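Let's take a friendly walk through a protein model together. Have the picture ready and follow along as we go.

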Amino acid sequence: MTEAQQPSALETLLHENRSFSPPPEFTAQANAGDPGIYAQADADYLQWWADWAGLLDWERKWDQVLDWSGAPYAKWFIGGRLNASVQCLDRHVAAGAGARVAYHWEGEPGDTRTLTYADMLAGVCRVANGLKSLGVGKGDRVTLYMPMVPELAMTVLACSRIGAIFSVVFAGFSATSLKDRIQDQDAKLVVCADATWRRGKILDLKAVVDEAVAACPTVDHVLVWRRGEGAHSVSPGLARDIEWSSVVDPQEPQCAPESMDAEDPLFILYTSGTTGKPKGILHTTGGYMTGALATTKLVFDLKEESDVYWCTADIGWITGHSYIVFGPMANGVTQVMYEGAPNHPGLDRFWELVAKYQVSIFYTAPTAIRAFMKWGDEHPARHDLSSLRLLGTVGEPINPEAWVWYLHHIGGGRCPIVDTWWQTETGGIMITPLPGITTTVPGSATLPFPGVSAALVNEAGDPIDGAGGGYLVLDRPWPHMLRGIWGDNARYEETYWSRFPGRYFPGDGAKRDEQGFLWILGRVDDVMNVSGHRLSTMEIESALVDHPAVAEAAVIGVPHELKGQAPVGFVILRGGFEASAELAMELRKHVGTLIGGLARPEQVHFTPELPKTRSGKIMRRLLRDVAEGKHIGDTTTLADPGVLDGLKKEYESREG
Ligand code: WT7
């Protein structure tokens with residue numbers, strides 16, 4: 001055991017010193033090693049971003065960096081023209097890096113594929129030509145429902161190559177969720193895989209797509225990629241279905257990239273809001289690519305010629321868009337992509353992969369780290385993790401215990417950790433350490449990325465300077481910011497720009513410590529964070545009420561050891577239905593079927609009444625107090641204070 005692994009060192013970090021300075025040898029080689037970078041970016045943030053944009057390959061240079069006159073609708077790099085796929089592929093191949101591995105892919109059963117940048121370019125061109133042959137063109141929407149296979153990254157890039165707007169739906173979402181998204185964007189084509197492997201079992205994705213598409217008249221075709229040996233043909237083909245092998249494989253491996261305006265849409269990605277309906281977050285081309293390039297390069301200290309980078313997210317989430325596809329590929333680095341579960345066939349699958357592919361940069365979520373901790377130190381200890389030099393986390397606040405465990409048991413006590421705060425809407429990392437500069441403190445995302453400006457404000461919108469807590473706002477536009485909500489400008493303006501006019505409100509609370517570091521405290525709206533994924537309480541409530549037995553439902557997020565938060569439902573039954581453990585299970589399943597497994601409530605409690613204000617609004621805060629066993633807070637606005645006693649009894653009897 002090395003010095004750094006002694007529990008005493010761990011204790012020191014947790015209870016005494018609580019900070020980690022980048023090792024001098026890390027700083028010496030870092031892409032950003034001089035703290036002056038912050039002041040330099042702030043001095044002229046337009047120039048800062050323009051310098052990064054200048055590293056992309058533009059067909060036509062922009063005339064103006066930013067037009068914010070139509071706020072809150074930003075335009076970046078006005079007049080510039082480029083194609084996103086060219087940034088990720090052609091320019092690396094043209095620069096002689098075609099033989100560099102783009103993806104070391106590993107399937108869950110252990111099958112492997114190695115794709116170079118030249119392979120990816122050829123593959124993307126074939127898919128692009130295939131899409132064109134199906135009548136897909138610039139501005140058309142294409143919905144993707146695929147597992148973590150190289151073809152997903154290829155299809156994303158192929159859409160961008162021909163100017164089609166792609167929208168990836170995480171393949172854990174239900175048929176209903178998929179249908180809603182396809183309908184919202186009037187997609188012309190759905191691209192899917194027939195199946196994928198998860199914990200040793202075949203998941204039939206095609207069946208989900210068939211169910212969804214049955215209610216989607218705008219969809220002309222479903223393009224089906226076959227997962228391969230063992231997973232073949234789990235669903236029968238339909239007339240609308242087109243086999244990848246018949247449409248993509250025969251295509252030429254060249255396809256001229258479509259010339260895109262910097263502000264042409266690149267993708268739509270749905271995320272949950274405070275209502276029952278998910279929001280289609282819209283990102284455009286030039287600004288998004290600039291942000292992806294810059295943040296990946298600096299936050300992950302990327303050395304494209306020597307690093308092996310692995311982000312364990314799924315491409316179905318924004319993390320995968322920005323930090324598996326566009327950011328790493330625009331930089332030309334080698335990545336690892338893994339199809340399956342972290343605990344299959346053993347609890348050490350990730351560490352086996354790190355050792356096998358000599359991963360140097362590893363990016364994952366706190367919920368995963370907490371699971372690793374629970375599974376036991378012996379699993380990482382069995383593998384040589386000395387190739388790692390930098391670790392990252394994203395998705396939720398990281399508890400200091402998990403941070404310190406990550407540093408010692410995965411990072412060998414030597415790897416800096418970047419805790420990165422951002423959102424689907426921000427497109428890229430916004431608040432983060434720079435690994436060669438920042439002395440990090442477990443649990444703090446530290447400082448805004450250079451060129452980004454964040455502030456804390458109180459209820460009235462007045463800035464909180466110095467140490468203190470409040471609402472987090474972003475008070476300066478950035479290139480990779482969302483450009484709107486697909487088809488719903490009013491909601492865009494209302495959700496993000498109305499609470500604190502002129503400033504972007506992400507929905508998080510935060511505090512600033514004495515040294516100026518930011519600590520994200522979590523959502524302040526009716527959104528919960530389950531395993532690093534955003535879920536709407538209203539969406540889950542609607543799913544519960546959809547069941548014939550349910551008259552009314554309230555959902556809250558309660559603290560959960562592994563997931564961070566877990567949904568818990570409180571349900572009033574309709575007359576004629578009896579509360580039972582079976583019905584609770586059925587309701588939980590019902591939510592899973594309607595939205596996706598992620599949203600399935602941890603518990604469902606039956607209650608004759610819910611705590612409401614006199615105007616009829618459910619007081620979720622009081623439900624949270626009940627669930628957390630806390631002293632019940634202020635109940636003066638409650639219509640019937642007696643309701644809570646019954647709820648407490650019900651809750652405690654289930655818990656016990
Ligand atoms: C919400 C965004 C960004 C990709 C993954 C989630 C929370 C995200 C952190 C972090 C504390 C975090 C916020 C944010 N969040 N990263 N490092 N520390 N909280 O994307 O689904 O758009 O969710 O996740 O609450 O608003 P998302």
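This is a predicted model: local features need pLDDT of at least 70, side-chain atom pairs count only at pLDDT 80 or more; totals for chains, interfaces and linings use all residues.

Helix α8, which covers residues 150-162, packs against α13 at an angle of about 70 degrees, and their axes are 10 Å apart. Angles from 65 to 115 degrees count as roughly perpendicular, so α8 is roughly perpendicular to α13.

Which residues make the contact? On α8 they are A153, V156, L157 and S160, and on α13 they are V325, F326 and M329. Sorted by class, the residues of this contact are 6 nonpolar and 1 polar, with no charged ones.

Keep your eye on α13 as we turn to the ligand. This helix (318-331) supplies at least two residues of the shell around the ligand, and so do the strands β20 (417-420) and β25 (518-523). In total, 18 residues surround the ligand, and the closest are D419, T420, T424, D508 and R534. What classes do the shell residues fall into? There are 6 nonpolar, 7 polar and 5 charged residues.

Now look at some individual atoms. A backbone N or O atom of T420 sits 2.7 Å from a nitrogen atom of the ligand. For G395, a polar backbone atom is 3.1 Å from a ligand nitrogen. R523 uses its side chain instead: one of its polar side-chain atoms is 2.9 Å from an oxygen atom of the ligand. How much of the ligand does the protein bury? Taken alone, the ligand exposes 560 Å², and the protein buries 96% of that.

Terms used. Residues are numbered from 1 along each chain as its sequence is written. Side-chain values use heavy atoms; hydrogens and water are left out. A residue is near a molecule or strand if one of its heavy atoms lies within 4 Å of it. A polar contact is a pair of N or O atoms within 3.5 Å; within protein, one must be able to donate a hydrogen and the other to accept it, and residues adjacent in sequence count only if both atoms are side-chain atoms. Accessible areas come from the Shrake-Rupley method with a 1.4 Å probe; for residues, only the protein chains shown count as cover. Helices (H or I, at least four residues) and strands (E, at least two) are DSSP runs, numbered from the N terminus. Ala, Val, Leu, Ile, Met, Phe, Trp, Tyr, Cys and Pro count as nonpolar, Asp, Glu, Lys and Arg as charged, and the others, Gly among them, as polar. Axes are lines fitted to C-alpha atoms, for helices over the stretch in contact, and angles run from 0 to 180 degrees between N-to-C directions. Angles under 35 degrees count as roughly parallel, over 145 as roughly antiparallel, 65 to 115 as roughly perpendicular and the rest as oblique. Contact means heavy atoms within 4.5 Å.
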